[in-house]
Amino acid sequence: MRHAAPAARQLQHTCQQFRTICSSSVSASGWFGNVEQAPKDPILGVTEAYLADDNPEKINLGVGAYRDDLSKPVVLNVVRAAEEKVMGKLFMEYLPIGGLKSFTEKSVKLAYGDSAQCIQDARVAAVQSLSGTGSCRLFAEFMHRYMPGAAVYIPKPTWANHHNIFRDAQVEQKGFRYYKPDTRGLDFEGLMDDLQAADEGSVVLLHACAHNPTGVDPTPEQWQQLSKLMLKKHLYPFFDMAYQGFASGDCDRDGQAIRIFLDDGHNLGCSQSYAKNMGLYGQRIGCLSLVCADKAEASAVESQIKAIARAMYSNPPVHGALLVDNILGTPEIKQQWYDEVKGMAERIIDMRTLLQQNLEKSGSSLPWKHVTEQIGMFCFSGISPEQVDLLAKEHSIYMTRNGRISMAGVTSRNVDRLAAALHKVTS
Ligand SMILES: Cc1ncc(COP(=O)(O)O)c(C=O)c1O
(Lines give C-alpha, C1' and ligand atoms only; values in the text may rest on other atoms or scores of the structure.)
Protein backbone atom coordinates (compact mmCIF):
# COMPACT_ATOMS: atom_id res chain seq x y z
CA MET A 1 0.00 0.00 0.00
CA ARG A 2 2.94 2.32 0.73
CA HIS A 3 3.75 2.29 -3.02
CA ALA A 4 0.21 3.26 -3.97
CA ALA A 5 0.65 6.99 -3.47
CA PRO A 6 3.49 7.55 -6.00
CA ALA A 7 1.71 5.26 -8.49
CA ALA A 8 -1.54 7.21 -8.10
CA ARG A 9 0.35 10.48 -8.52
CA GLN A 10 1.99 9.13 -11.67
CA LEU A 11 -1.42 8.10 -13.05
CA GLN A 12 -2.90 11.51 -12.22
CA HIS A 13 0.03 13.19 -13.97
CA THR A 14 -0.42 11.00 -17.10
CA CYS A 15 -4.17 11.74 -17.21
CA GLN A 16 -3.47 15.46 -16.89
CA GLN A 17 -0.97 15.29 -19.77
CA PHE A 18 -3.54 13.40 -21.90
CA ARG A 19 -6.23 16.04 -21.14
CA THR A 20 -3.80 18.81 -22.07
CA ILE A 21 -2.93 17.17 -25.40
CA CYS A 22 -6.61 16.55 -26.16
CA SER A 23 -7.77 20.02 -25.22
CA SER A 24 -5.05 21.71 -27.29
CA SER A 25 -5.83 19.62 -30.38
CA VAL A 26 -9.59 20.09 -29.87
CA SER A 27 -9.33 23.84 -29.50
CA ALA A 28 -6.97 24.12 -32.48
CA SER A 29 -8.90 22.11 -35.02
CA GLY A 30 -11.71 20.04 -33.48
CA TRP A 31 -11.49 16.35 -32.60
CA PHE A 32 -10.59 15.14 -36.05
CA GLY A 33 -8.46 17.96 -37.37
CA ASN A 34 -5.58 15.54 -37.87
CA VAL A 35 -7.56 13.15 -40.10
CA GLU A 36 -6.35 13.21 -43.68
CA GLN A 37 -8.45 12.43 -46.74
CA ALA A 38 -8.23 8.72 -47.60
CA PRO A 39 -7.11 7.88 -51.14
CA LYS A 40 -9.96 7.23 -53.56
CA ASP A 41 -10.87 3.61 -54.23
CA PRO A 42 -9.42 2.95 -57.70
CA ILE A 43 -12.54 1.19 -58.99
CA LEU A 44 -15.07 3.70 -57.65
CA GLY A 45 -12.91 6.47 -59.12
CA VAL A 46 -13.43 4.94 -62.58
CA THR A 47 -17.21 5.04 -62.14
CA GLU A 48 -17.07 8.67 -61.02
CA ALA A 49 -15.10 9.66 -64.14
CA TYR A 50 -17.55 7.70 -66.32
CA LEU A 51 -20.57 9.40 -64.75
CA ALA A 52 -19.05 12.84 -65.28
CA ASP A 53 -18.61 12.19 -69.04
CA ASP A 54 -21.54 13.42 -71.18
CA ASN A 55 -20.62 11.41 -74.30
CA PRO A 56 -23.71 9.22 -75.01
CA GLU A 57 -21.40 6.52 -76.42
CA LYS A 58 -19.31 6.26 -73.23
CA ILE A 59 -18.44 2.76 -71.96
CA ASN A 60 -17.79 1.72 -68.35
CA LEU A 61 -15.47 -1.27 -68.14
CA GLY A 62 -14.43 -0.60 -64.55
CA VAL A 63 -16.97 -2.13 -62.26
CA GLY A 64 -17.06 -5.89 -61.69
CA ALA A 65 -20.81 -6.33 -61.82
CA TYR A 66 -22.68 -8.25 -64.51
CA ARG A 67 -24.65 -6.37 -67.18
CA ASP A 68 -26.82 -7.82 -69.92
CA ASP A 69 -26.28 -7.18 -73.63
CA LEU A 70 -28.15 -3.86 -73.25
CA SER A 71 -25.74 -2.80 -70.46
CA LYS A 72 -28.49 -3.21 -67.85
CA PRO A 73 -28.00 -4.70 -64.36
CA VAL A 74 -29.73 -8.07 -64.01
CA VAL A 75 -31.89 -9.61 -61.30
CA LEU A 76 -32.00 -13.37 -61.87
CA ASN A 77 -35.40 -14.98 -62.41
CA VAL A 78 -34.63 -17.47 -59.63
CA VAL A 79 -33.99 -14.58 -57.25
CA ARG A 80 -37.35 -13.01 -58.13
CA ALA A 81 -39.04 -16.40 -57.61
CA ALA A 82 -37.32 -16.87 -54.25
CA GLU A 83 -38.30 -13.35 -53.22
CA GLU A 84 -41.93 -14.14 -53.85
CA LYS A 85 -41.69 -17.20 -51.65
CA VAL A 86 -40.01 -15.31 -48.84
CA MET A 87 -42.02 -12.08 -49.11
CA GLY A 88 -44.47 -11.35 -46.29
CA LYS A 89 -43.48 -14.47 -44.37
CA LEU A 90 -40.46 -13.01 -42.75
CA PHE A 91 -40.00 -12.08 -39.11
CA MET A 92 -37.44 -9.38 -38.58
CA GLU A 93 -35.69 -11.19 -35.75
CA TYR A 94 -31.94 -11.60 -35.50
CA LEU A 95 -30.26 -14.56 -37.14
CA PRO A 96 -27.85 -16.49 -34.91
CA ILE A 97 -24.26 -15.15 -34.90
CA GLY A 98 -23.18 -17.78 -37.44
CA GLY A 99 -26.17 -17.04 -39.68
CA LEU A 100 -28.79 -19.34 -41.16
CA LYS A 101 -27.64 -22.93 -40.57
CA SER A 102 -29.54 -24.43 -43.50
CA PHE A 103 -27.89 -21.83 -45.76
CA THR A 104 -24.33 -22.58 -44.61
CA GLU A 105 -24.95 -26.33 -44.96
CA LYS A 106 -26.01 -25.89 -48.58
CA SER A 107 -23.21 -23.43 -49.34
CA VAL A 108 -20.56 -25.81 -48.15
CA LYS A 109 -22.01 -28.55 -50.36
CA LEU A 110 -21.91 -26.20 -53.34
CA ALA A 111 -18.23 -25.46 -52.71
CA TYR A 112 -16.95 -28.90 -51.73
CA GLY A 113 -19.37 -31.19 -53.58
CA ASP A 114 -22.52 -32.89 -52.26
CA SER A 115 -20.70 -36.02 -51.23
CA ALA A 116 -17.49 -34.48 -49.87
CA GLN A 117 -15.98 -36.64 -47.14
CA CYS A 118 -15.29 -33.66 -44.85
CA ILE A 119 -19.03 -32.85 -44.86
CA GLN A 120 -19.95 -36.45 -44.10
CA ASP A 121 -17.45 -36.38 -41.23
CA ALA A 122 -19.05 -33.17 -39.89
CA ARG A 123 -15.65 -31.49 -39.72
CA VAL A 124 -16.39 -28.25 -41.55
CA ALA A 125 -16.69 -25.05 -39.51
CA ALA A 126 -18.94 -22.65 -41.43
CA VAL A 127 -20.57 -19.29 -40.84
CA GLN A 128 -22.69 -16.99 -42.97
CA SER A 129 -20.63 -13.92 -43.84
CA LEU A 130 -21.02 -10.43 -45.28
CA SER A 131 -20.33 -11.62 -48.81
CA GLY A 132 -16.82 -12.46 -50.06
CA THR A 133 -15.19 -9.42 -48.48
CA GLY A 134 -16.68 -10.29 -45.11
CA SER A 135 -15.51 -13.92 -45.35
CA CYS A 136 -11.96 -12.85 -46.14
CA ARG A 137 -12.01 -10.32 -43.30
CA LEU A 138 -13.28 -12.89 -40.79
CA PHE A 139 -10.64 -15.35 -41.92
CA ALA A 140 -7.89 -12.73 -41.71
CA GLU A 141 -8.92 -11.93 -38.13
CA PHE A 142 -9.07 -15.63 -37.27
CA MET A 143 -5.61 -16.05 -38.76
CA HIS A 144 -4.27 -13.18 -36.68
CA ARG A 145 -5.57 -14.79 -33.49
CA TYR A 146 -4.99 -18.48 -34.11
CA MET A 147 -2.09 -18.65 -36.57
CA PRO A 148 0.16 -16.10 -34.83
CA GLY A 149 3.19 -15.09 -36.82
CA ALA A 150 2.01 -16.84 -39.99
CA ALA A 151 2.21 -14.78 -43.17
CA VAL A 152 -0.28 -14.88 -46.00
CA TYR A 153 1.16 -15.35 -49.51
CA ILE A 154 -0.90 -13.41 -52.04
CA PRO A 155 -0.71 -13.74 -55.85
CA LYS A 156 0.88 -10.86 -57.75
CA PRO A 157 -1.41 -9.24 -58.78
CA THR A 158 -4.64 -9.85 -56.89
CA TRP A 159 -7.96 -8.19 -56.12
CA ALA A 160 -6.69 -4.96 -54.52
CA ASN A 161 -8.90 -5.27 -51.45
CA HIS A 162 -7.09 -8.42 -50.31
CA HIS A 163 -4.20 -6.18 -49.27
CA ASN A 164 -6.46 -3.89 -47.23
CA ILE A 165 -8.16 -6.84 -45.56
CA PHE A 166 -5.00 -8.56 -44.33
CA ARG A 167 -3.37 -5.22 -43.45
CA ASP A 168 -6.29 -4.28 -41.21
CA ALA A 169 -6.12 -7.69 -39.53
CA GLN A 170 -2.38 -7.11 -38.94
CA VAL A 171 -1.38 -10.22 -40.87
CA GLU A 172 1.99 -10.09 -42.60
CA GLN A 173 1.65 -10.25 -46.40
CA LYS A 174 4.09 -11.81 -48.83
CA GLY A 175 3.68 -12.20 -52.56
CA PHE A 176 4.14 -15.01 -55.04
CA ARG A 177 4.54 -14.73 -58.80
CA TYR A 178 1.36 -15.49 -60.70
CA TYR A 179 1.08 -13.52 -63.94
CA LYS A 180 3.54 -13.34 -66.82
CA PRO A 181 3.18 -10.07 -68.75
CA ASP A 182 5.01 -11.55 -71.81
CA THR A 183 2.43 -14.25 -72.40
CA ARG A 184 -0.43 -12.57 -70.54
CA GLY A 185 -0.87 -15.96 -68.95
CA LEU A 186 0.12 -17.88 -65.83
CA ASP A 187 3.69 -17.75 -64.55
CA PHE A 188 3.49 -21.32 -63.33
CA GLU A 189 7.22 -21.76 -62.90
CA GLY A 190 7.50 -18.54 -60.91
CA LEU A 191 4.52 -19.54 -58.80
CA MET A 192 5.97 -22.96 -57.98
CA ASP A 193 9.43 -21.54 -57.28
CA ASP A 194 8.06 -18.87 -54.94
CA LEU A 195 5.90 -21.33 -53.01
CA GLN A 196 8.75 -23.82 -52.87
CA ALA A 197 10.73 -21.07 -51.14
CA ALA A 198 7.81 -19.98 -48.90
CA ASP A 199 8.02 -20.28 -45.11
CA GLU A 200 6.40 -23.50 -43.89
CA GLY A 201 3.20 -22.96 -41.93
CA SER A 202 2.14 -19.96 -44.00
CA VAL A 203 -1.24 -19.40 -45.63
CA VAL A 204 -1.50 -19.20 -49.42
CA LEU A 205 -4.40 -17.23 -50.82
CA LEU A 206 -5.69 -18.76 -54.06
CA HIS A 207 -8.51 -17.61 -56.32
CA ALA A 208 -10.57 -20.78 -56.84
CA CYS A 209 -11.54 -19.71 -60.39
CA ALA A 210 -11.78 -16.63 -62.62
CA HIS A 211 -8.76 -14.94 -61.05
CA ASN A 212 -9.27 -11.22 -60.49
CA PRO A 213 -7.82 -9.16 -62.13
CA THR A 214 -5.96 -11.40 -64.60
CA GLY A 215 -8.63 -13.89 -65.73
CA VAL A 216 -5.83 -16.45 -65.68
CA ASP A 217 -6.46 -19.79 -63.92
CA PRO A 218 -4.16 -22.82 -63.54
CA THR A 219 -5.12 -25.97 -65.46
CA PRO A 220 -6.34 -29.01 -63.45
CA GLU A 221 -2.88 -30.58 -63.85
CA GLN A 222 -1.24 -27.42 -62.53
CA TRP A 223 -3.63 -27.32 -59.56
CA GLN A 224 -2.62 -30.93 -58.84
CA GLN A 225 1.06 -30.07 -58.82
CA LEU A 226 0.44 -27.04 -56.65
CA SER A 227 -1.61 -29.07 -54.19
CA LYS A 228 1.19 -31.64 -53.83
CA LEU A 229 3.78 -28.94 -53.30
CA MET A 230 1.67 -27.22 -50.66
CA LEU A 231 1.14 -30.49 -48.80
CA LYS A 232 4.84 -31.13 -48.79
CA LYS A 233 5.63 -27.61 -47.64
CA HIS A 234 2.86 -27.47 -44.98
CA LEU A 235 1.26 -24.48 -46.62
CA TYR A 236 -2.37 -23.78 -45.76
CA PRO A 237 -4.65 -23.16 -48.79
CA PHE A 238 -7.25 -20.45 -48.44
CA PHE A 239 -9.51 -20.31 -51.49
CA ASP A 240 -11.31 -17.10 -52.34
CA MET A 241 -14.21 -18.24 -54.52
CA ALA A 242 -16.05 -15.10 -55.60
CA TYR A 243 -17.07 -16.41 -59.04
CA GLN A 244 -18.22 -20.04 -58.79
CA GLY A 245 -20.13 -20.80 -61.99
CA PHE A 246 -19.13 -17.53 -63.56
CA ALA A 247 -15.93 -18.81 -65.15
CA SER A 248 -16.96 -21.89 -67.11
CA GLY A 249 -20.71 -21.68 -66.58
CA ASP A 250 -20.54 -24.90 -64.54
CA CYS A 251 -20.42 -24.64 -60.73
CA ASP A 252 -18.80 -28.06 -60.27
CA ARG A 253 -16.13 -27.38 -62.83
CA ASP A 254 -15.37 -24.02 -61.24
CA GLY A 255 -15.01 -25.77 -57.88
CA GLN A 256 -12.54 -28.35 -59.16
CA ALA A 257 -9.41 -26.75 -57.67
CA ILE A 258 -10.95 -27.04 -54.22
CA ARG A 259 -11.97 -30.66 -54.87
CA ILE A 260 -8.42 -31.52 -56.02
CA PHE A 261 -6.98 -30.10 -52.79
CA LEU A 262 -9.59 -31.91 -50.68
CA ASP A 263 -8.85 -35.22 -52.41
CA ASP A 264 -5.19 -34.73 -51.54
CA GLY A 265 -6.13 -34.41 -47.88
CA HIS A 266 -5.71 -30.65 -47.34
CA ASN A 267 -7.69 -29.06 -44.55
CA LEU A 268 -8.42 -25.85 -46.38
CA GLY A 269 -10.38 -22.65 -45.98
CA CYS A 270 -12.89 -21.19 -48.40
CA SER A 271 -14.60 -17.85 -48.87
CA GLN A 272 -17.78 -17.91 -50.97
CA SER A 273 -19.72 -14.99 -52.36
CA TYR A 274 -23.15 -14.93 -53.98
CA ALA A 275 -22.64 -11.39 -55.26
CA LYS A 276 -21.76 -12.35 -58.83
CA ASN A 277 -23.16 -15.83 -59.41
CA MET A 278 -26.61 -14.97 -58.01
CA GLY A 279 -26.43 -11.25 -58.70
CA LEU A 280 -26.96 -10.57 -54.98
CA TYR A 281 -24.28 -7.85 -54.80
CA GLY A 282 -26.05 -5.57 -52.35
CA GLN A 283 -27.43 -8.34 -50.14
CA ARG A 284 -23.95 -9.07 -48.76
CA ILE A 285 -24.37 -12.80 -48.62
CA GLY A 286 -21.52 -15.29 -48.45
CA CYS A 287 -20.04 -18.10 -46.43
CA LEU A 288 -16.73 -18.71 -44.70
CA SER A 289 -15.83 -22.34 -44.12
CA LEU A 290 -12.75 -24.06 -42.72
CA VAL A 291 -12.22 -27.81 -43.07
CA CYS A 292 -10.91 -29.15 -39.77
CA ALA A 293 -9.25 -32.33 -38.51
CA ASP A 294 -12.39 -33.63 -36.78
CA LYS A 295 -15.79 -32.67 -35.45
CA ALA A 296 -14.50 -31.35 -32.12
CA GLU A 297 -11.94 -29.11 -33.85
CA ALA A 298 -14.62 -27.82 -36.24
CA SER A 299 -16.86 -26.98 -33.30
CA ALA A 300 -14.10 -25.05 -31.52
CA VAL A 301 -13.04 -23.21 -34.69
CA GLU A 302 -16.63 -22.27 -35.53
CA SER A 303 -17.19 -20.98 -32.00
CA GLN A 304 -14.14 -18.71 -32.30
CA ILE A 305 -15.15 -17.37 -35.70
CA LYS A 306 -18.54 -16.55 -34.19
CA ALA A 307 -16.80 -14.77 -31.31
CA ILE A 308 -15.04 -12.58 -33.90
CA ALA A 309 -18.27 -11.92 -35.78
CA ARG A 310 -20.11 -11.07 -32.55
CA ALA A 311 -17.81 -8.16 -31.82
CA MET A 312 -17.64 -6.98 -35.45
CA TYR A 313 -21.31 -6.94 -36.49
CA SER A 314 -23.14 -9.24 -34.07
CA ASN A 315 -25.00 -11.29 -36.68
CA PRO A 316 -25.48 -11.27 -40.45
CA PRO A 317 -28.47 -10.03 -42.46
CA VAL A 318 -31.36 -12.37 -43.07
CA HIS A 319 -32.86 -11.59 -46.49
CA GLY A 320 -30.07 -12.77 -48.80
CA ALA A 321 -29.57 -15.92 -46.72
CA LEU A 322 -33.23 -16.85 -47.18
CA LEU A 323 -33.04 -16.23 -50.93
CA VAL A 324 -29.95 -18.41 -51.42
CA ASP A 325 -31.31 -21.06 -49.07
CA ASN A 326 -34.48 -21.19 -51.15
CA ILE A 327 -32.66 -21.38 -54.45
CA LEU A 328 -30.18 -24.05 -53.39
CA GLY A 329 -32.84 -25.96 -51.47
CA THR A 330 -35.39 -26.42 -54.26
CA PRO A 331 -34.04 -28.82 -56.92
CA GLU A 332 -35.91 -27.35 -59.91
CA ILE A 333 -35.04 -23.77 -58.91
CA LYS A 334 -31.44 -24.80 -58.34
CA GLN A 335 -31.37 -26.21 -61.88
CA GLN A 336 -32.82 -22.96 -63.23
CA TRP A 337 -30.11 -21.09 -61.35
CA TYR A 338 -27.42 -23.28 -62.94
CA ASP A 339 -28.93 -22.36 -66.34
CA GLU A 340 -28.97 -18.66 -65.53
CA VAL A 341 -25.33 -18.63 -64.31
CA LYS A 342 -24.38 -20.50 -67.45
CA GLY A 343 -26.18 -17.86 -69.51
CA MET A 344 -24.19 -15.06 -67.86
CA ALA A 345 -20.88 -16.93 -68.26
CA GLU A 346 -21.66 -17.66 -71.91
CA ARG A 347 -22.49 -14.05 -72.71
CA ILE A 348 -19.07 -13.07 -71.35
CA ILE A 349 -17.33 -15.84 -73.31
CA ASP A 350 -19.15 -14.67 -76.48
CA MET A 351 -18.01 -11.09 -75.88
CA ARG A 352 -14.41 -12.30 -75.54
CA THR A 353 -14.68 -14.00 -78.93
CA LEU A 354 -16.25 -10.93 -80.53
CA LEU A 355 -13.66 -8.59 -79.01
CA GLN A 356 -10.78 -10.72 -80.25
CA GLN A 357 -12.32 -11.02 -83.73
CA ASN A 358 -12.92 -7.27 -83.93
CA LEU A 359 -9.37 -6.52 -82.80
CA GLU A 360 -8.01 -8.79 -85.49
CA LYS A 361 -10.36 -7.23 -88.08
CA SER A 362 -9.27 -3.74 -87.03
CA GLY A 363 -5.84 -4.57 -88.46
CA SER A 364 -4.04 -4.77 -85.11
CA SER A 365 -0.85 -6.74 -85.46
CA LEU A 366 -0.57 -7.29 -81.70
CA PRO A 367 -1.36 -10.69 -80.21
CA TRP A 368 -4.88 -10.72 -78.71
CA LYS A 369 -5.20 -14.48 -78.07
CA HIS A 370 -5.26 -13.88 -74.34
CA VAL A 371 -8.66 -12.19 -74.65
CA THR A 372 -10.26 -15.58 -75.23
CA GLU A 373 -7.77 -17.63 -73.25
CA GLN A 374 -8.48 -15.74 -70.06
CA ILE A 375 -11.67 -16.58 -68.19
CA GLY A 376 -14.30 -15.01 -65.96
CA MET A 377 -15.43 -11.46 -65.56
CA PHE A 378 -12.11 -9.78 -66.32
CA CYS A 379 -9.72 -9.51 -69.21
CA PHE A 380 -6.25 -8.33 -68.27
CA SER A 381 -5.66 -6.56 -71.54
CA GLY A 382 -1.97 -5.77 -71.08
CA ILE A 383 -2.34 -2.12 -72.08
CA SER A 384 -0.36 0.50 -70.14
CA PRO A 385 -1.78 3.06 -67.68
CA GLU A 386 -1.05 5.79 -70.27
CA GLN A 387 -3.06 3.89 -72.89
CA VAL A 388 -5.90 3.53 -70.36
CA ASP A 389 -5.82 7.31 -69.88
CA LEU A 390 -5.97 7.83 -73.65
CA LEU A 391 -8.96 5.51 -73.93
CA ALA A 392 -10.79 7.65 -71.37
CA LYS A 393 -9.72 11.01 -72.79
CA GLU A 394 -10.18 10.33 -76.48
CA HIS A 395 -12.77 7.55 -76.59
CA SER A 396 -14.82 7.86 -73.38
CA ILE A 397 -13.93 4.28 -72.49
CA TYR A 398 -13.20 3.78 -68.79
CA MET A 399 -11.32 1.01 -66.97
CA THR A 400 -8.88 0.65 -64.07
CA ARG A 401 -5.35 1.86 -64.79
CA ASN A 402 -3.92 -1.68 -64.66
CA GLY A 403 -5.66 -2.31 -68.01
CA ARG A 404 -8.34 -4.59 -66.55
CA ILE A 405 -11.44 -4.77 -68.72
CA SER A 406 -14.65 -5.83 -67.02
CA MET A 407 -16.06 -8.03 -69.80
CA ALA A 408 -19.51 -7.56 -68.27
CA GLY A 409 -19.48 -4.02 -69.69
CA VAL A 410 -18.86 -5.25 -73.25
CA THR A 411 -21.95 -5.71 -75.42
CA SER A 412 -22.63 -6.67 -79.03
CA ARG A 413 -23.35 -2.96 -79.64
CA ASN A 414 -20.17 -1.47 -78.19
CA VAL A 415 -17.62 -4.21 -78.91
CA ASP A 416 -16.56 -2.89 -82.34
CA ARG A 417 -16.06 0.63 -80.97
CA LEU A 418 -14.02 -0.81 -78.09
CA ALA A 419 -11.87 -2.88 -80.47
CA ALA A 420 -11.24 0.09 -82.75
CA ALA A 421 -10.28 2.30 -79.79
CA LEU A 422 -7.99 -0.37 -78.34
CA HIS A 423 -6.30 -0.73 -81.71
CA LYS A 424 -5.85 3.02 -81.96
CA VAL A 425 -4.26 3.51 -78.54
CA THR A 426 -1.98 0.51 -78.94
CA SER A 427 -0.66 1.23 -82.43
C1 LIG B 1 -11.41 -12.13 -55.87
C2 LIG B 1 -12.53 -11.45 -55.16
N3 LIG B 1 -12.76 -11.77 -53.88
C4 LIG B 1 -13.75 -11.21 -53.19
C5 LIG B 1 -14.58 -10.29 -53.77
C6 LIG B 1 -15.64 -9.73 -52.89
O7 LIG B 1 -16.86 -9.49 -53.38
P8 LIG B 1 -18.12 -9.34 -52.47
O9 LIG B 1 -17.67 -8.86 -51.13
O10 LIG B 1 -18.97 -8.36 -53.17
O11 LIG B 1 -18.72 -10.70 -52.40
C12 LIG B 1 -14.38 -9.90 -55.10
C13 LIG B 1 -15.19 -8.87 -55.74
O14 LIG B 1 -14.88 -8.21 -56.66
C15 LIG B 1 -13.33 -10.52 -55.81
O16 LIG B 1 -13.10 -10.23 -57.10
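In this predicted model, 20 residues of domain 1 are in contact with 22 residues of domain 2. On the side of domain 1 that touches domain 2, α14, α15 (370–373) and β11 (378–380) each supply at least two residues. That side divides into twelve nonpolar, five polar and three charged residues. The domain assignment places residues 42–75 and 343–426 in domain 1, and residues 95–329 in domain 2. Between the C-alpha centres of the two domains the distance is 28 Å.

An unreviewed UniProt entry annotates residues 57–422 as "domain: Aminotransferase class I/classII large". Over residues 57–422 the chain is 46% helix and 14% strand, with its end C-alpha atoms 15 Å apart.

Helix α13 (residues 319–329) is largely enclosed by the rest of the structure, because nine of its eleven residues are buried. Among these buried residues are Gly320, Asp325, Asn326 and Leu328. The elements below are included in what covers the buried residues of α13.

| Covering element | Residues |
|---|---|
| α3 | residues 77–86 |
| α4 | residues 101–112 |
| β2 | residues 124–129 |
| α14 | residues 331–361 |

Which residues come nearest to the ligand? Of the 13 residues around the ligand, these are Ser131, Gly132, Thr133, Asn212 and Ser273. Helix α6 (residues 131–146) gives the most to this shell, with three residues. By class, the shell holds eight polar, four nonpolar and one charged residues.

Conventions. Residues numbered from 1 in each chain as written. Predicted model: local features only at pLDDT ≥ 70, side-chain atom pairs only at ≥ 80, totals over all residues. Buried ≥ 20, exposed ≤ 12 C-beta atoms within 10 Å, placed from the backbone. Helix = DSSP H or I, 4+ residues; strand = E, 2+ residues; numbered from the N terminus. Contact = placed C-beta atoms within 7 Å. Near = placed C-beta within 6 Å. Nonpolar A, V, L, I, M, F, W, Y, C, P; charged D, E, K, R; others polar. UniProt positions renumbered as here; feature names shortened; annotations may be inferred. Domains from an automatic or database assignment.
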